[in-house]
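Work through the exercises below with the sequence and the model open side by side. Try each task before reading its solution.

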Amino acid sequence: MFDQKIAPYGTDEPEKLMEKFYNAGNEMLLTLRNYITNPDDRKKPRTWGSIEAALMVGVSNPTFRKLLEVHPNVPGVVIEANEGNRRIKKFTLEAINVLRGHANTRYSRPVGSNPLIIAISNLKGGVGKTQTAVDLGKKIAITGLSALLLDFDGQGTATLLSSGLIPDLELRYEDTITNTLVSNPEKIKDIILKTHFDGFDIIPANLAIQDCDLLLPNGNENNEHILGSPFIRLTKSLNYIKDYYDVILIDCGPNLGILTLNAIIACNGMIIPIPPSMGDYSSFIMYTATLRNLFRELKDKKLEYLRILISKHTGNNEAMQMENVMREQFGRYILSNHMCDTIEVSKAANEIGTIYDVSKPRGSREAYRRAIQHLDDVNMEIINHFKEIWDRQAQKATMDMITMKGAANG
């Protein structure tokens, strides 16, 4: 595709060369995606066998079989051929959630609790923000809760890994959050995309969201006279949809631009991924100073949830030493479990997904099992924290209601 002749070290036409790189790269992404999803052009829902499905529904195998007998037309049940070419019944997450409903085992966020809006943020790139956001969103859906992921990074990696859509080929400007934040907060209802994971939706991103950095600070373009401060646009937009979800995750870009500021102002919780290395630790310390100054301006800001996630842990001595330093410094604000740096994550990403998309290992079964276990340990720790927060909120709402009734009767 490119001139293979001996060439100078650089180029006299950098614009044309970058255009070639851009077109060739997108074409290759499309080719890879279509190969992976063949014969369809979209990712299909992953499936679970009956034993796994019964565990997820929360019933015994005999009870699971009885559920299927009583409810024979459950949507999302598919027939697949196994390695011996025998046709067996498999279950998508949609089917599992329907069966949870029939068995009355699906967790519901308690009445009186509020959706959690979690910004996943760090000033440094390459620390695992996107992987954390996408995997946590999928695990939330797997447990039967509902999650929305906002991709606030113009690279669109979270969009690609969540949906399989090629951001700059298959998404229009209007599909991103740009017009919503600049012109009409209510438009957020129109840009939500369903993914192949039941209960996991996304608001996608591509290069178009870079316009937010240009338009929102511009008094002539940002409609401030109608919509108010450009820093609270996301807060206003989420008011239209937040009650439809249990958790809203925001994958912030590696910066403190106006999109990230909108995310931090709108959120009621933060997860900060940090690899256990001196460079990443040092960068985080600088970030805390920036956040301190920001929160100083947000007088009434409270965070229902704040945790540091040790990410991309290699398991070597240097990483473990740095982990010990971080735990000594930040104590309970560091999640007990850490996210491992494993080849299984890279394998899943090469198939335009995450480990939660993989129903069987591509290599070592033991390596796959360990990777899933580490991922589940981290995400279930977070989800269990969320459930504790919701329980406290519901209890407070009940007590407030009792107090109000008492005052009215008194």
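**Exercise 1. Which residue of strand 6 is the bridge partner of L150?**

Solution. In strand 6, L150 has I203 as its bridge partner. The model is predicted, so to speak of local features requires pLDDT of at least 70 and side-chain atom pairs count only at pLDDT 80 or more, while totals for chains, interfaces and linings use all residues. Residues are numbered from 1 along each chain as its sequence is written, and side-chain values use heavy atoms, with hydrogens and water left out. Helices (H or I, at least four residues) and strands (E, at least two) are DSSP runs, numbered from the N terminus.

Strand 4 (residues 147-152) runs parallel to strand 6 (residues 200-203), with 4 bridges. Strand 4 also pairs with strand 7 (residues 247-252), again in the parallel sense, over 6 bridges.

**Exercise 2. Are the faces of strand 4 covered or open?**

Solution. Start with the general rule: side chains in a regular strand alternate between the two faces of the sheet. On one side of strand 4 lie A147, L149 and D151, and on the other L148, L150 and F152. Each of these residues is buried, so both faces are covered (buried: under 20% relative accessible area, 1.4 Å probe, protein chains only; exposed: over 50%; partly exposed: in between). The count for the strand is 6 of 6 residues buried.

**Exercise 3. In what order do the strands of the sheet stand, and which are at the edges?**

Solution. The open sheet has 7 strands in the order 5-6-4-7-3-8-9, with mixed pairing. Strand 5 (193-194) and strand 9 (305-310) each have a single partner strand, so one side of each lacks a neighbour in the sheet. Strand 9 is joined to strand 8 (residues 269-274) by 6 parallel bridges, and G269 has Y305 as its partner.

Helix 5 (residues 129-142) packs on the sheet, touching strands including strand 3, strand 4 and strand 9 (contact means heavy atoms within 4.5 Å). The direction of helix 5 makes about 165 degrees with that of strand 7 (axes are lines fitted to C-alpha atoms, for helices over the stretch in contact; angles run from 0 to 180 degrees between N-to-C directions). Helix 12 (residues 258-266) also packs on the sheet, at about 150 degrees to strand 7.

Conventions: Two strands pair if DSSP finds at least two bridges between them.
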